[in-house]
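Thanks, everyone. Let me put the model up, and then we'll walk through a few local details.

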Amino acid sequence: MAGMRVLVTGAAGQLGQDMVLLLQKEGHQVLGCDRQEMDITDLDQCMEVIGRFAPDAIIHCAAHTAVDAAESDIDSAYLINATGTRNVALAAERASAKLVYISTDYVFDGLGSQPYHEYDNTDPKSIYGKSKRAGEILAQSLSSKYFIVRTSWVYGKYGNNFVKTMLKLGQEKPLLKVVNDQKGSPTYTVDLARFLLELIQTEKYGVYHASNSEACTWYEFTEAILAEARDILGLSFTAKLEPCGTEEFPRPAPRPRNSVLEHLSIRTNGFQDLRPWREGLRDFLLELRD
């Protein structure tokens, strides 16, 4: 599909920045919106900005993602994740634009032993997860051309994330204790952005799970981060790495024990699956190096 017009919300965020860069590189017309350009909690503003740009597709990355803070500031989480998504969905529908809503593994209870697929029952346990699920429902009911894309454990060049934190702590701390009883699939923003670009060029609407393939625990992920960074970045780490249990790090919001997402929709719609997470991690470290 030649030259689409694409509006990206949350364009200054971790996924948003990579999404905008990829769209530009591939020759699409992009309007990247952060809070300054368009406040998603303001319906009139959404209608005006989206109406004026007249996008073919909107990739809605803007979200309240402070998982622990959401437990005590419930209104903010719902204002951004639910009301904000409603506003973007209504404006998208008025502009006849396709809508991509970026969602999360937190919409599941995380207690199952199997990877979650797109049509498994949702049962979020945290305010963040509940507010993101509310956003999904609003996107589904208000947009006639929606893609809901749930992802997990996202990291990239822009913004703070687990990989960058571990690279830093690994060089500073004598001991690194990392939970070994929560498993999921790390997702590299560049790989997710490529998939989203492919998705919006189709009419294969519906719910998708998109993470890098294969799974690990946070501890195993950290092991891989340190091993690959020694190799690729030539870093030396002082920290001794030790596995621990979730109960050693009590947090306001419950964390899903199992965040592994099954990519049923990617397969049944004939898309190419995302590559294994370790390959994505290597490319990310090469990007940091260069």
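Start with helix α2. Its buried residues pack against β1 (5-9), β2 (29-33), β3 (57-60) and α4 (74-94). Packing here goes by contact, meaning heavy atoms within 4.5 Å. Helices are DSSP runs of H or I, at least four residues, and strands are runs of E, at least two, numbered from the N terminus.

Two caveats before I go on. This is a predicted model: local features need pLDDT of at least 70, side-chain atom pairs count only at pLDDT 80 or more, and totals for chains, interfaces and linings use all residues. Residues are numbered from 1 along each chain as its sequence is written, and side-chain values use heavy atoms, with hydrogens and water left out.

Back to α2, residues 43-53. Which residues are buried there? C46, M47, V49, I50 and F53. Buried is under 20% relative accessible area, exposed is over 50%, and partly exposed is in between, using a 1.4 Å probe and protein chains only.

Now the ends of that helix. D42 caps the N-terminal end of α2, with a side-chain oxygen 3.1 Å from the backbone nitrogen of D44. After α2 comes A54, and its phi is positive, near 50°.

Next, T104. It sits in strand β4, residues 98-104. T104 counts as buried because its relative accessibility is 4%. A polar atom of its side chain lies 3.0 Å from the backbone nitrogen of Y106. Leaving out residues up to four places away in sequence, T104 touches Y128, K132, R150 and T151.

R150 takes us to salt bridges. The term means a side-chain nitrogen of Lys or Arg within 4 Å of a carboxyl oxygen of Asp or Glu. R150 pairs with E136, closest N and O atoms 2.7 Å apart. R150 is in strand β5 (residues 146-151) and E136 in helix α5 (residues 127-142), so the bridge ties together parts 14 residues apart in sequence. Both R150 and E136 are buried.

How many salt bridges does the structure hold? The count is 18. Another of them joins D68 and R255, at 3.0 Å, N to O. This one links distant parts of the chain: D68 is in helix α3 (residues 67-72), R255 in the loop between β12 (240-244) and α9 (264-268), 187 residues apart. D68 and R255 are both buried.

K168 and E172 also form a salt bridge, at 3.4 Å, N to O. Both lie in helix α6 (residues 162-172), four residues apart, about one turn of the helix.

Last, a network of salt bridges links D191, R194, R275 and D283.

Technical notes:
A polar contact is a pair of N or O atoms within 3.5 Å; within protein, one must be able to donate a hydrogen and the other to accept it, and residues adjacent in sequence count only if both atoms are side-chain atoms.
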